[in-house]
Amino acid sequence: MEKKIFVPFGRMRSDDAAAAKRRELAERLKRGEDVSVTSSGQVVAPDDPIAENGKTLKAPEGKLA
Amino acid sequence: MAGFYWYERNPELFNSEKLAMKTYFPNFVLDKLDDGRICWVGTLNPRGKDGGTWTLMVVYDHNHPHNNTYGGSLRVYSVQPDLNELYKAAGSLPHVLRDSNGDLYMCTARKEDIDSGARTTSAAKALGWAAKWIFAVEGWLAGEIGDEVFEHTY
C-alpha cells in the first residue's frame with residue numbers, strides 16, 4: 001500500500017513565513033503605523049518578542065522625503 | 001570661551017546625543033572628520049537574516065541643529081553598500097539626495113518632520129528613519145515593493 005503524508009501548504013517552507021513577516025512590516029510602514037528598531041537596526045512590529053525583550057527605539061514618526 | 005563647533009558650544013546637547021546612541025545603537029562609534037564635523041559609524045540590519053547589513057555614517061552639519069534642508073542637519077550616508085554604486089547598478093534609487101561632492105545620502109525625512117528648536121532631532125532618530133529607508137529600498141530592490149516606493153513617503 002502506498003503511504004502518503006499530507007503536508008499543509010506552506011508549513012514546511014520557512015521562506016514563506018519570512019516573506020509574510022516582511023509583507024506585514026512593509027504594510028505597517030505603508031499605512032504609517034508604528035514600527036520599532038532594535039539595537040542591531042532590525043525593523044520589527046512593536047509587539048514582536050524581540051522588541052518586547054530588548055531595548056528598542058520606536059521608529060520616529062515622520063515621512064521619508 | 002565658546003568653541004566653533006556645535007558640540008563645543010552645546011555640551012549638554014552633545015552629551016544627550018551620546019547617551020541616546022549608547023542606549024539605542026551601542027554598536028555605533030563616534031568619529032571626527034578632517035573638517036571638524038563629527039559622525040557616528042556603525043551597522044544596521046533592518047531585515048534581520050533576510051536582508052543585508054549596512055554600514056552607515058551619520059554626519060552632523062557644522063550648524064546642527066537646523067531644519068533648513070531635507071533630512072535636517074544630520075546626513076545618513078551608506079558606507080557599505082555604496083549608494084552611488086547601488087544607484088548605478090539599479091538604475092535609480094528612491095529618496096536620495098546628493099551632497100556638494102556629488103555623493104548620495106539617504107533622504108530620511110521631510111523638513112517639517114525635523115526638530116531643531118527645544119527638541120532636536122538626534123542621530124538615534126535619524127537612524128530610526130534610516131532603518132525604515134533601508135527596509136523599503138531593500139524591498140524595492142527585491143521586487144517586493146513596486147515603483148510606488150518613489151512616491152510613497154512611508
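1. Which residue of β3(B) does Leu44(B) stand opposite? The residue is Trp54(B). Helices (H or I, at least four residues) and strands (E, at least two) are DSSP runs, numbered from the N terminus.

2. The structure is a predicted model, in which local features need pLDDT of at least 70, side-chain atom pairs count only at pLDDT 80 or more, and totals for chains, interfaces and linings use all residues. Residues are numbered from 1 along each chain as its sequence is written, while chains are lettered from A and ligands numbered from 1 in the order in which they are written.

3. Strand β3(B) has two antiparallel partners to consider. It is joined to β2(B) by 6 bridges, and another 6 bridges join β3(B) to β4(B). Within the latter pairing, Met57(B) has Tyr77(B) as its bridge partner. Two strands count as paired if DSSP finds at least two bridges between them. Of the 7 residues in β3(B), 5 are buried. A residue is buried if 20 or more other C-beta atoms lie within 10 Å of its own, exposed if 12 or fewer, and partly exposed in between, with C-beta atoms placed from the backbone.

4. Chain A contains an open sheet of 3 strands in the order β2-β1-β3, with antiparallel pairing. Strands β2 and β3 (57–58) of chain A stand at the edges with a single partner strand each, so one side of each has no neighbour in the sheet. Strand β1 (residues 36–37) of chain A is joined to β3(A) by 2 bridges, and Ser36(A) stands opposite Lys58(A).

5. The largest nonpolar core has 44 residues, and those touching the most other members are Val58(B), Leu127(B), Ala130(B) and Ala131(B). Such a core is a set of buried Ala, Val, Leu, Ile, Met, Phe, Trp, Tyr and Cys residues joined through C-beta atoms within 7 Å. The helix α4(B) gives the most to this core, with 13 residues. Leaving aside residues up to four places away in sequence, Ala131(B) touches residues including Val37(A), Ala59(A) and Leu44(B); contact requires C-beta atoms, placed from the backbone, within 7 Å.

6. Some backbone geometry in chain B deserves attention. Most residues other than glycine have a negative phi, and most peptide bonds are trans. The bond from His64(B) to Pro65(B) is cis, with omega near -5 degrees, and Pro65(B) lies in the loop between β3 and β4 of chain B. The bond from Gln80(B) to Pro81(B) is also cis, with omega near 0 degrees. His95(B) has a positive phi, near 55 degrees, and is buried, with 24 other C-beta atoms within 10 Å.

Key. Two residues are in contact if their C-beta atoms, placed from the backbone, lie within 7 Å.
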